[in-house]
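Dear colleague,

Please find below the structure that I am handing over to you.

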Amino acid sequence: MKVLPYTSLRLIYFIPLIFALGVLFGYLPGIIYPSFILVYLGLLALYFIVMLVEAARSIHISAIPLFVLIGFLTHMTYGIGVILGLLMPSLQSKLKPKHES
């Protein structure tokens, strides 16, 4: 977001951030409203069902668990990376602009 701030502010780049926050903190409303836990678990189940369906459509059947695990970890690390990037202004990209190569 710091390298290309104009394109990085598109909603599509914030979806992993929202996903990671939802996974990490989505259960908290369930402490006050216990029925919300069902909504939280239902949304997580829906996510994993979509991942399983997509994995089954695109790769060998024995690789499905690995596909789901790597997909989940990718979404979480991207989302957490966005959070860290927003919270730590001192983080600098190690990428060089094209004219410095």
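A residue is called buried when its relative accessible area is under 20%. In this model, which is predicted, buried residues account for 21% of the 101 residues in the protein.

The protein contains five helices and zero strands, so that from the N terminus its elements read α-α-α-α-α. Of the contacts between residues at least 6 apart in sequence, 52% join residues at least 24 apart. The exposed surface comes to about 8,000 Å², and carbon and sulfur atoms supply 76% of it.

The largest nonpolar core has eleven residues, among them Phe 19, Val 23, Leu 44, Tyr 47, Ile 64 and Met 76. Helices α2 (15–25), α4 (36–58) and α5 (64–87) each give two or more residues to this core, and the largest share, five residues, comes from α4. Beyond its neighbours within four places in sequence, Phe 19 is in contact with Tyr 47, Phe 72, His 75 and Met 76.

The aromatic residues deserve a separate paragraph. The count comes to six aromatic pairs. One of them, formed by Phe 48 and Phe 72, is tilted, with 5.5 Å from centre to centre and 35° between the planes. Because Phe 48 lies in helix α4 and Phe 72 in helix α5, this pair ties together parts that are 24 residues apart in sequence. Phe 48 itself is partly exposed, at a relative accessible area of 30%. Ring pairs also link Phe 19, Tyr 47, Phe 48 and Phe 72 into a cluster.

With kind regards

Notes:
Residues are numbered from 1 along each chain as its sequence is written. This is a predicted model: local features need pLDDT of at least 70, side-chain atom pairs count only at pLDDT 80 or more; totals for chains, interfaces and linings use all residues. Side-chain values use heavy atoms; hydrogens and water are left out. Helices (H or I, at least four residues) and strands (E, at least two) are DSSP runs, numbered from the N terminus. Buried means under 20% relative accessible area, exposed over 50%, partly exposed in between (1.4 Å probe, protein chains only). Contact means heavy atoms within 4.5 Å. Accessible areas come from the Shrake-Rupley method with a 1.4 Å probe; for residues, only the protein chains shown count as cover. A nonpolar core is a set of buried Ala, Val, Leu, Ile, Met, Phe, Trp, Tyr and Cys residues joined through side-chain atoms within 4.5 Å. Rings of Phe, Tyr and Trp (its six-membered ring) pair if their centres lie within 6.5 Å; planes under 30 degrees apart count as stacked, over 60 as edge-to-face and the rest as tilted.
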